[in-house]
Amino acid sequence: MLRPSTQRYSVTRPLYSEDAFEDEHAKVYRKHKRFLQHVIQYFTCTSERAKNTAISLLPVIGWMRTYSIKDWLLNDILSGVSTGLVAVLQGLAFSLLASISTWYGLYAAFFPVIMYFFLGTSRHISVGSFPVLSLMVGSVVTRLVPDEGPPANITDFEGLTKEEQRILVSASITFLVGLFQLGMGLLQVGFIVMYLSDTLISGFTTAAAVHILISQLKFVLGLTVPGFSGPLALIYTLESVFTQITSTNIHDLVTSIVVMVMVLGVKEINDRFKSKLKVPIPIEIIMTVIACGVSYAFNFSENHGVDVVGKIPNTFESPIAPSLQVFQMAAVDAFPIAIVGFAVAFAVAKVYSVKHDYVIDGNQELIAFGASNIFGGAFKSLAASTALSRSAVQESTGGKTQVAGLLSAIIVLVVILGIGFLLEPLPKSVLGAVVIVNLKGMLMQVVTVPYLWKKDRPDCIVWVGTCLAAIFLGLDLGLAVGLGLELLTVVFRAQFPRCCVLANISGTDIYRDRKDYVNIYEPEGVKIFRIPSPIFFANIDFFRDKLKDAVGFNPLRILRKRNKAVKKMKRLIKKGELTLTSNGLQATCSMPIEESEDESNMEDLDMPTDYSDLPIQVNWNAELPANIQVPPVNIHSLVLDFSVVSFLDISALKGLKAAIKEFIRINVDVFIVGCDPYIIEKLRNCKFFDDEIKTSIFFLTIHDAMLFIHESHPPKTVSEKVSGSFQYQHVNSSSTSSGLTIQADMKMEVETDPKPETRF
């Protein structure tokens with residue numbers, strides 16, 4: 001890299017306004033299609049479009065054509081076996097969060113995976129149950145079918161046991177989540193995930209981890225705690241746990257502690273030596289096998305009252321139709337589940353797509369997960385997404401494509417149909433311990449709070465607000481609060497941007513905030529104002545207020561003062577109390593004369609000053625006769641830097657037009673620089689320009705405008721500064737000349753040619 005101090009550049013070009021630039025450089029005319037033409041093109045079918053559509057809807061066609069059996073198959077087999085074992089354990093564990101029987105969690109590791117194999121665009125994520133989604137589903141399940149008391153008034157519940165009612169609710173929610181996701185995918189609204197920032201997701205998942213941790217205490221301690229839902233459910237759960245703490249099952253507690261210590265220790269070894277380990281040590285599987293053996297050998301269930309997984313059917317249950325009544329009661333809950341499930345899966349998929357250099361399609365991912373959840377919901381599966389830990393296993397063990405995911409589903413199938421009975425003595429406390437251990441990553445996200453507080457406080461507020469709201473109000477309301485806070489921060493940043501006054505870095509064409517640099521000067525009589533955001537209805541008033549603060553006066557107030565002063569002068573001259581002398585106007589009465597009420601008409605005072613009946617040229621910066629007071633204006637030019645203004649709406653356009661006219665009417669020249677050509681075109685279409693505001697006020701750069709101002713208002717000589725006594729000059733009484741003569745000093749450290757060219 002070359003040292004900056006050795007580099008110089010020199011450019012010689014004409015001084016360009018927007019009009020001059022367009023005259024010299026003709027724009028290419030591009031014909032824009034009408035809406036009807038877009039519709040016709042969208043529905044026009046060709047063989048090429050049909051082929052591309054088929055590949056986009058079935059991505060498996062694209063990557064299977066390039067599948068290398070020799071290089072990839074063995075890796076996919078090893079990855080599929082490892083991922084399948086983890087998926088079995090997590091499926092059993094996460095089903096506890098949904099307050100349903102454990103084996104239904106295995107369905108989430110089978111049915112959705114089959115559908116995603118054909119429709120998904122990510123090659124590395126492991127589709128299946130996700131603890132946050134399971135917990136959100138569980139909150140709806142316990143609300144409609146509580147542990148204590150009658151279930152909700154749903155006719156489809158008639159003749160069903162409580163367990164069957166819960167399965168119906170869980171399956172219906174999963175089906176509805178799939179419908180939401182599929183609908184959004186077909187409508188091409190995959191961009192909606194962009195409204196969930198990393199900060200919001202981090203705060204939300206941390207709160208979900210707290211909920212999951214508390215919900216697993218009853219399994220770790222061997223207690224019977226009813227399920228709670230709604231605001232403050234976490235508090236009620238903790239209250240129930242602590243009131244029964246003396247009834248803790250010691251065998252469950254000791255087993256959980258041993259499992260957690262061992263799993264955490266080995267996971268730390270896996271992380272520290274991951275570069276040397278070809279395959280991570282499957283400690284969760286090992287501890288599960290050991291726990292099953294110990295529980296079976298000592299008959300934990302009957303001898304020590306330990307709650308175990310119990311009988312796992314060695315067959316698939318028949319599919320069921322979802323309940324429309326559950327749809328009606330759970331629609332508000334299902335939509336955030338759909339959004340969170342997709343957002344988490346898309347975020348994980350994006351990480352691996354960047355790492356392995358391939359493209360994922362957000363809309364196709366919505367379609368894939370929607371179809372997967374519809375298919376899974378019909379077979380009583382839990383809502384599916386992905387889990388970072390399970391996806392990490394699939395990728396780190398060498399998985400190349402979703403063939404690994406398909407093989408993991410086959411492993412789950414073998415467990416369900418063949419060896420599921422071996423897991424029957426597994427204590428639920430072990431599953432609870434596995435769930436808690438897997439929360440480490442989400443719980444450790446809290447360490448980002450101090451960093452956010454130092455670097456970006458609005459983001460910190462979003463994180464903390466989302467987390468606290470989700471903890472105390474529930475995950476659904478917490479997500480809504482988080483979205484509200486996030487939108488408020490966006491509005492706040494756009495509505496109250498950091499406006500600044502720019503000045504010139506000496507000897508350059510560079511302009512920066514005058515507060516940030518030492519070797520910087522602001523040309524006398526000129527203000528350069530920058531607003532670093534779009535200008536729209538919400539911030540136009542803020543923009544105008546900041547502009548007034550920057551120039552140091554209110555142009556409308558100045559205009560009204562001047563109009564009142566002119567009316568006074570005309571009236572005084574008419575009455576003979578103000579006479580015209582060789583040195584200007586001479587007042588015969590030193591006492592100011594009060595203005596009448598009709599002179600305060602605001603509509604008249606807001607119009608340009610009328611000098612037609614005044615036989616002089618007024619210098620408003622000089623001392624006025626008859627003790628007339630008008631605040632001075634110390635600038636003759638105002639430059640508005642629009643280089644970062646991306647759009648204007650109609651309300652902002654009207655406000656901007658009014659603001660510019662206020663300055664023009666007090667003889668302050670206004671220039672707009674760096675404006676996007678499309679904004680200028682919009683201004684033309686919206687009749688922004690008139691007799692007062694011309695297109696000539698637009699310049700390409702700040703320096704172009706400054707050089708033009710320098711030519712229009714050259715610096716005064718020393719003799720002009722000394723002799724400038726601001727006297728009222730006598731003019732021909734028949735003259736109708738009007739306007740202001742404003743004199744100001746200005747310094748420009750540039751060279752200009754006689755021709756309108758500039759060298760930097």
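User: How many helices and strands does the secondary structure of the protein chain come to?
Analyst: The protein chain has 31 helices and 15 strands, taken as DSSP runs numbered from the N terminus (H or I of at least four residues for helices, E of at least two for strands). This is a predicted model, in which local features need pLDDT of at least 70 and side-chain atom pairs count only at pLDDT 80 or more, while totals for chains, interfaces and linings use all residues. Residues are numbered from 1 along each chain as its sequence is written, and side-chain values use heavy atoms, with hydrogens and water left out.

User: Which residues touch the most other members of the largest nonpolar core?
Analyst: That core holds 119 residues, and Val132, Val169, Ile173, Phe204, Val412 and Leu431 touch the most other members; a core here is a set of buried Ala, Val, Leu, Ile, Met, Phe, Trp, Tyr and Cys residues joined through side-chain atoms within 4.5 Å. Helix H16 (residues 324-356) gives the most to this core, with 16 residues. Another core lies apart from it, with 39 residues, among them Phe543, Leu559, Leu656 and Phe698.

User: And what is Val412 in contact with?
Analyst: Leaving aside neighbours within four places in sequence, Val412 is in contact (heavy atoms within 4.5 Å) with Gly84, Ala87, Val88, Leu106, Ala109 and Phe110.

User: Switching topic, is Ser429 buried or exposed?
Analyst: Ser429, which sits in helix H20 (residues 428-437), is buried, with a relative accessible area of 1%. Beyond its neighbours within four places in sequence, Ser429 is in contact with Phe219, Val220, Asp252, Thr255 and Ser256.

User: What about Phe537, buried or exposed?
Analyst: Phe537 counts as exposed, at 57% relative accessibility, and its place is in the loop between strand S7 (526-530) and helix H25 (540-551). Not counting residues up to four places away in sequence, Phe537 touches Asp649 and Ser651. The C-alpha atoms of Phe537 and Gln495 are separated by 9.0 Å, with the two residues 42 apart along the chain.

User: Last one: at what angle do the axes of H9 and H17 cross?
Analyst: The axes of helix H9 (residues 162-186) and helix H17 (residues 362-378) cross at roughly 155 degrees and come within 7 Å, where axes are lines fitted to C-alpha atoms over the stretch in contact and angles run from 0 to 180 degrees between N-to-C directions. H9 and H17 are therefore roughly antiparallel to each other (angles over 145 degrees count as roughly antiparallel, under 35 as roughly parallel, 65 to 115 as roughly perpendicular and the rest as oblique).

Methods:
Buried < 20%, exposed > 50% of the residue type's maximum accessible area, 1.4 Å probe, protein only.
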